[in-house]
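I opened this structure to look up a few side-chain features. My entries follow the order in which I checked them.

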Amino acid sequence: MTEAEKNAAAATAEADESTAADNAANDGNDGDNQKDNEHQRKINVGNLPKDITEQQLRDHFAGHEIERVEIYHYLRNTLALLLFKDKNSAQKAIDEKYGSMLNGHRLRIHMEYITIRYTKKNVIVTVVDDDMTEEQLHDRVKEHCEVSQVFIFHPLGYVHLGRDADKAVVIEKLNASGLKAYDVNGRDQNQHVDLWRAAKLFFRNRNRVQLLNVPQKWVEDTEELKKACSEAGTITEAVANNVNQSSSNYYARIFYENEEQAQKAAELLNGKVFEGKRIHALHLSSALLPNYKTSVYVSPLERTVTEEEVYDHFKQFGEIDFVNRRNCGDNAIICFKTNESAEKALACTTMPAPTEANKDATKTVAVKRYDGPLLLRVAGVKRKAATTTATARTSDGAKKGENEEGSTKSNKEILQKLLNFFPVYVSNIPFSCPSHVLREFFSSQGGEVKFVFSPQHLAYRLSAPQPVKTAMVYFTRRNDAVNATKIFDKRVLNNHHLHVSQGRGESNFNHQKTVKLSKIVESLSEDAIFRKMRPLGKVVRLTKKSRSLAFVEFADAADVEKILKMKQEDLPINCIFSKVQKDVSRRLYNESDSRILGTIARLLRRNPKMLSKAAGTGSVMGNNAHSGGPGGGFAGKRPRMNGPPGFGNAPHFNPNNGGNSMIGSLLFMLFYSWGFVGMLFFVVCVAFVILCVCL
């Protein structure tokens with residue numbers, strides 16, 4: 001394998017395809033519960049000839065013991081999954097065969113369990129002819145620069161340029177040579193990440209149908225969704241997106257028992273109208289890719305204009321394949337079934353824009369050819385321009401100093417207000433868990449939660465097979481926060497064991513009792529790491545900083561010494577175990593961090609009363625009716641006698657409890673309410689009664 005090809009493999013692994021467990025890996029559960037960790041010894045071989053056979057693949061990978069071969073076809077794409085005897089054999093096969101030629105095709109190879117999350121910076125996209133192959137595109141671009149990798153998903157061809165290539169110069173040369181080339185922008189309408197998933201990972205979605213432009217009712221109630229889509233077969237699962245998004249972005253996924261049912265469902269549902277919405281039903285893919293020879297786009301349109309309104313207006317020019325307004329801003333894409341229809345549509349200059357005063361009102365629009373990956377959603381560009389403008393405004397030293405001084409002053413004021421409340425730091429929260437659910441969860445024992453703050457932390461979010469997040473939960477009373485760390489630490493929320501600790505003060509790991517796990521190969525959740533490390537000693541705290549870095553603190557320093565002396569093959573996780581040499585915080589951030597305070601400042605502008613010290617509304621789930629409970633007349637002060645059971649309130653005294661139970665309840669109530677003084681008073685009273693009886 002050439003040096004360029006090695007660089008390509010490394011770049012692909014590092015930049016655009018981060019490793020994660022396959023859907024069948026059960027969220028990083030212990031290897032004993034998985035199917036022999038097959039995903040670690042399985043590779044994905046792409047750009048294969050359509051007529052490839054299992055024997056040809058075995059012959060090409062001779063010298064590496066292959067247990068199983070699976071071949072898949074989708075549109076013009078053919079790929080194979082090869083299961084090797086062990087993961088070392090799989091990695092050696094990649095190193096030796098990456099970029100090799102098989103029946104005139106240059107192979108693309110990667111580990112099967114990748115997840116494609118974003119596009120690389122050094123990628124361009126071209127619009128290719130129907131008969132162009134990846135080898136032809138590779139040779140065409142190689143005339144102008146070094147090429148790391150090519151793959152085609154017709155009509156688009158993606159080219160990974162060499163590390164030293166000047167992208168702008170290469171694009172200019174390719175366009176001059178007659179090959180249309182564009183810079184890849186992660187925010188353009190072509191949804192490149194979705195296309196890459198479809199081209200490389202479509203075999204994972206054999207039973208899935210992606211639904212776009214769905215009615216709001218389906219998003220709010222998945223039972224309605226299942227009922228409408230059950231004609232083709234048995235639905236095993238239905239998932240809808242957040243209803244708070246724009247109506248043009250409503251989507252859903254439905255999973256059937258087998259591939260045949262999913263394919264049939266896509267054919268039946270695609271183009272049908274439900275609740276006034278024309279559905280896009282896609283099997284194996286989640287991206288609507290227009291045919292550049294038959295597509296146009298129209299702008300500007302009001303946000304309220306729906307796909308159905310665009311469809312009804314443009315159907316006069318010919319039969320329409322689909323209309324797409326998803327992530328198009330003030331544009332709409334119309335994909336016709338013939339080029340002649342698209343040519344006719346270019347003459348359109350007006351769109352209906354009825355008002356209450358004039359039902360026949362129209363609006364002037366422009367219709368243009370959609371002949372390449374155009375940037376229609378310009379939100380990212382606007383934000384970048386705004387950032388550039390803000391930077392330019394602060395270029396003057398005096399103004400910049402004033403801004404920094406004002407920002408520092410504002411942060412100090414916010415931090416001072418935060419000190420009126422008492423935070424707990426929570427990690428390993430399912431990323432999909434809304435803030436109101438967290439609030440209810442931490443209020444369920446009677447504590448009064450003022451607000452929940454969950455900052456974005458990308459490295460931590462992607463540290464587990466299923467995305468996770470952290471949060472600061474602010475209580476109105478110190479006692480509530482202290483008890484929350486005792487009650488909710490290690491509690492389960494949506495199958496995740498939460499890690500709950502104080503959100504303020506020193507929080508460093510103990511150097512002697514903590515082991516550092518770096519360069520973690522597997523994609524493991526914090527729960528999975530805990531299960532693997534638990535047999536080695538009592539784990540008291542665990543934090544994953546990123547996908548490949550974690551810290552595990554034990555109760556006994558001797559356990560750490562024992563682990564560091566173990567052989568690599570005896571360790572439960574494939575990574576580097578080492579001592580902690582410097583202070584490492586158990587938290588990912590502190591509330592005093594400038595970015596955290598800046599985010600809270602933005603939230604305060606939306607809700608100025610967020611940090612007010614007014615009496616709260618009480619526990620979300622406590623249903624407290626007592627004046628001394630959370631939200632009652634004594635907010636901010638721990639009640640003595642009244643209030644429901646739970647932390648922050650004394651338990652009810654029940655005189656009907658007999659014998660020792662009554663005495664125990666009285667003893668607990670007195671101690672809880674009056675502390676040592678109450679306990680002493682009780683002991684004196686009991687002694688006095690005994691003395692009287694004896695006399």
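I looked for disulfides first (pairs of cysteine sulfur atoms within 2.5 Å) and found 0 in the structure. I noted that this is a predicted model, where local features need pLDDT of at least 70, side-chain atom pairs count only at pLDDT 80 or more, and totals for chains, interfaces and linings use all residues. Residues are numbered from 1 along each chain as its sequence is written, and side-chain values use heavy atoms, with hydrogens and water left out.

Cys328 is buried at 1%, and Cys575 is buried at 5%.

Next I counted aromatic pairs: rings of Phe, Tyr and Trp (its six-membered ring) with centres within 6.5 Å, called stacked with planes under 30 degrees apart, edge-to-face over 60 and tilted for the rest. The count is 17. One of them joins Tyr74 and Phe202, with centres 5.2 Å apart and planes at 40°, so I wrote it down as tilted. Both of these residues are buried. Phe441 and Phe442 make an edge-to-face pair, at 5.4 Å centre to centre and 80° between the planes. Phe441 has a relative accessible area of 14%, and Phe442 has 0%. I also recorded one aromatic cluster formed by Tyr74, Phe153 and Phe202.

Last, I looked for charges over rings (NZ of Lys or CZ of Arg within 6 Å of the ring centre and within 35 degrees of the ring normal). Lys200 lies over the face of Trp196, 5.8 Å from the ring centre. Arg461 has its charged end over the ring of Phe431, at 4.1 Å from the centre.

Methods: Buried < 20%, exposed > 50% of the residue type's maximum accessible area, 1.4 Å probe, protein only.
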